[in-house]
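Here is a quick tour for anyone meeting this structure for the first time. Have a look around, then read on.

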Amino acid sequence: MKLLFSIAVTLLRAKLRQSIVAAVGVMFSITMFVTLLGFMNGLNDLLDGMILNRTPHIRLYNELQASPRQPVQVAWEAHQGKDRPAAHHFIRSVKPKDDLPRLRNAEAIMDVLDRDPRVMAVSPRLVAQVFFNAGTVDLNAQVNGIDVNDEIRYYRFGDYLTEGDPHDLAAGNNVIILGKGLADMMAATVGEAVQVTTASGERSILRVVGIFQSGIADYDKVQCYTNIKTVQKLLARPGSYYTDVNVKLHDLEQAPAMARELSARFGVDAVDIQTANAQFETGSDVRNIISYAVGIVLLIVAGFGIYNILNMMIYEKLDAIAILKATGFSGPDVQRIFLLLSMIIGLLGGAAGLIGGFGLQRLIDSIPFETAALPTITTYPIDYSLKYYIIAVVFALLTTWIAGWFPARKASRVDPVEIIRGK
Amino acid sequence: MNRSPLALDVRKVNKAFHDPVTVQVLKDVSFSVERGAFLSVTGKSGCGKSTLLYILSTMDTDFEGDVVIDGISTKGLPGDHLAAIRNEKIGFVFQFHYLLPEFSVLDNVMLPGLKLGRKSREEVEADAIARLKELDMADQARKMAHQLSGGQKQRVAIARALINDPLIIMGDEPTGNLDKRNAEIVFDIFKRIAAEHKRSLLIVTHDPDFAARTDRNIVMEDGRVIGGHNGSSTK
Ligand SMILES: Nc1ncnc2c1ncn2[C@@H]1O[C@H](COP(=O)(O)OP(=O)(O)OP(=O)(O)O)[C@@H](O)[C@H]1O
Ligand SMILES: [Mg+2]
């Protein structure tokens with residue numbers, strides 16, 4: 001094998017220009033493949049991140065709605081027996097009593113989830129509708145009482161602040177972080193105070209400690225954040241009053257099944273991230289398919305290049321093949337020589353392509369990319385995953401192997417007598 | 001080692017080409033070559049000498065009859081087996097030197113030895129240099145094959161044929177391209193190989209002078225062995 005390898009290398013060296021052209025073909029396609037996938041997936045991660053980072057894997061809440069089984073019906077069924085068989089009740093449409101969709105037993109639920117091994121983090125939320133008073137106009141907004149440290153840690157809350165420090169929100173009372181659109185409408189800046197009115201008419205003054213920008217303008221016009229205690233105070237509710245429990249899992253894929261399980265177990269509504277954001281998955285998938293398809297087409301083109309060059313080489317090396325065979329090299333030996341030759345081209349081209357791909361990724365990564373929608377992004381996003389490099393190498397070797405196999409087989413079948421007689 | 005008294009035994013070899021019309025090129029060719037014998041084959045152009053040599057060297061397997069090399073019947077053996085026999089037992093010298101131009105002279109001589117794999121690279125290299133020295137080519141060892149003159153190439157091809165110390169050396173007009181002086185050198189080399197190394201030689205030639213000086217001359221006509229000097233060879 002060592003001998004065959006050295007013969008292959010010598011033959012390559014003798015046709016250095018053609019070999020380099022073939023290797024450059026492989027290199028080019030590997031470079032493009034790696035760059036394309038890194039860039040596409042960087043974009044995917046960015047776009048997904050806009051929503052998915054911020055979204056809990058499972059959200060537990062109570063939909064505010066009339067109970068499907070009215071109290072009187074429950075009572076009726078409980079007493080229904082042989083003594084009152086044909087009776088019927090007429091009381092319907094008892095409206096919900098509470099003005100807020102409180103999640104009952106939230107603390108008990110959180111306790112259970114904290115101990116669940118599938119769960120990475122559990123954090124409560126208290127969401128309420130409020131008005132901000134900007135001059136004579138009342139702006140409708142949603143205030144999110146959050147567990148600030150959890151949100152920073154698990155939902156990258158800090159990444160979306162254009163101004164201010166998220167930790168200020170955890171520290172202070174009566175502080176608030178406004179969505180960018182909302183702050184603009186009120187002409188509020190960090191450090192100023194804003195007046196907020198709850199649905200039940202209570203007013204409070206909150207100090208702005210930060211501006212928040214999610215990248216989705218409509219969202220930023222109506223959202224603001226503060227700690228849970230502040231909202232509980234605004235609403236004059238007790239310390240155990242929550243509207244949502246957000247769950248982050250270790251494995252995102254488990255979310256739909258687990259959402260169903262939790263919903264049944266605790267008798268609450270549960271929505272999983274896949275159901276809530278189905279369109280994002282589809283978008284990523286399509287982008288992925290396109291980039292793989294383009295990458296593989298590039299490799300196939302490079303494969304044809306190798307095929308051509310090898311075929312030409314074999315044609316030019318018919319004499320050498322005849323001599324090798326006449327002096328005792330078998331057909332399979334000759335086949336291995338040319339297959340090795342192809343693989344050397346593939347390996348060298350592939351290795352150069354990986355380096356080129358990394359270089360190109362770095363280059364793209366350094367191009368400024370600033371958009372108002374994405375405050376924390378300054379350059380084009382790149383996903384440097386090793387995965388794409390490995391796929392690229394595997395494909396490079398696979399295509400060069402296939403591209404080399406047919407010419408190599410042809411070489412192994414050369415009849416030396418025909419060549420020698422032909423002289 | 002197999003100690004068959006015959007280096008080569010050719011048994012009723014028939015060969016026909018079918019393209020464009022069927023032509024019987026070899027007809028019942030039978031003869032044998034003893035160890036250490038120096039044979040020549042002569043005959044008119046087109047009588048089938050080259051065709052016979054390709055069959056005897058196991059490169060052409062499309063024939064009837066049998067070729068026994070060192071006691072081993074080669075008929076029906078698989079290709080890689082034949083390649084191994086070629087590598088170990090047969091040295092072939094072509095009319096047109098046929099070296100690998102992208103390799104050095106030394107590499108050209110060494111390749112069949114490295115393929116055989118019985119000796120280390122160093123030993124094969126030492127052997128190759130010894131062979132080249134015998135042929136007065138040691139000083140050219142590091143040159144590339146394509147930089148040599150015709151006669152020099154022919155001597156390198158002979159050195160290559162000798163590297164594995166083969167049982168039999170076959171040549172298809174190895175001196176056909178050489179001037180009188182170089183042809184003389186090559187003939188002397190062959191003579192010495194037969195005498196000193198006890199190797200058999202089977203050399204096709206058009207040179208009656210050359211043929212006359214070999215141990216035995218096989219004369220062919222129209223695909224048949226019709227005899228020769230120093231006793232008929234038909235078995
Ligand atoms: N591939 C082939 N197809 C058809 N006929 C062939 C083929 N190869 C050789 N022949 C014929 O076989 C016959 C013998 O050819 P061969 O080359 O063995 O002759 P030769 O004795 O070596 O002649 P020379 O002395 O000119 O080299 C010739 O008539 C030739 O035309
Ligand atoms: Mg001939």
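## Chain A at a glance

Let's start with the big picture: of the 423 residues in chain A, 46% are buried. Keep in mind that this is a predicted model. Chain A has 16 helices and 10 strands. Take the contacts in chain A between residues at least 6 apart in sequence: 77% of those join residues at least 24 apart.

## Two helices that cross in chain A

Now find helix H1 (residues 2–14) and helix H14 (residues 331–366) of chain A. Their axes lie 8 Å apart, and the two helices pack at an angle of about 60 degrees. H1(A) and H14(A) are therefore oblique to each other, and their crossing is right-handed.

Who touches whom here? On the H1(A) side the contact includes A:Leu4, A:Phe5 and A:Leu12, while the H14(A) side includes A:Asp333, A:Arg336, A:Phe338 and A:Ile345. Sorted by type, the residues of this contact come out as 13 nonpolar, 2 charged and no polar.

## The sheet in chain B

Over in chain B, there is an open sheet of 6 strands with mixed pairing, and its order is E6-E7-E8-E3-E9-E10. The edge strands, E6 (90–93) and E10 (224–227) of chain B, each pair on one side only. From one strand to the next, the twist averages 25 degrees.

Strand E3 (residues 38–43) of chain B pairs with strand E9 (residues 216–221) of chain B in the parallel sense, over 5 bridges. Look for B:Ser40, which sits opposite B:Asn217 in E9(B).

## A closer look at strand E8

How many of the residues of strand E8 (residues 200–204) of chain B are buried? The count is 5 of the 5, so E8(B) is largely enclosed by the rest of the structure. Both of its faces are covered: B:Ser200, B:Leu202 and B:Val204 are buried on one side, and B:Leu201 and B:Ile203 on the other.

E8(B) also has a partner in E3(B), running parallel and joined by 4 bridges, and another in strand E7 (residues 168–172) of chain B, again parallel, with 5 bridges.

How values were computed. Residues numbered from 1 in each chain as written. Chains lettered and ligands numbered in written order. Predicted model: local features only at pLDDT ≥ 70, side-chain atom pairs only at ≥ 80, totals over all residues. Heavy atoms only, no water. Axes fitted to C-alpha atoms, helices over the stretch in contact; angles between N-to-C directions. Parallel < 35°, antiparallel > 145°, perpendicular 65-115°, else oblique. Left-handed = near helix turned anticlockwise from the far one by under 90°. Contact = heavy atoms within 4.5 Å. Nonpolar A, V, L, I, M, F, W, Y, C, P; charged D, E, K, R; others polar. Buried < 20%, exposed > 50% of the residue type's maximum accessible area, 1.4 Å probe, protein only. Pairing = 2+ DSSP bridges.
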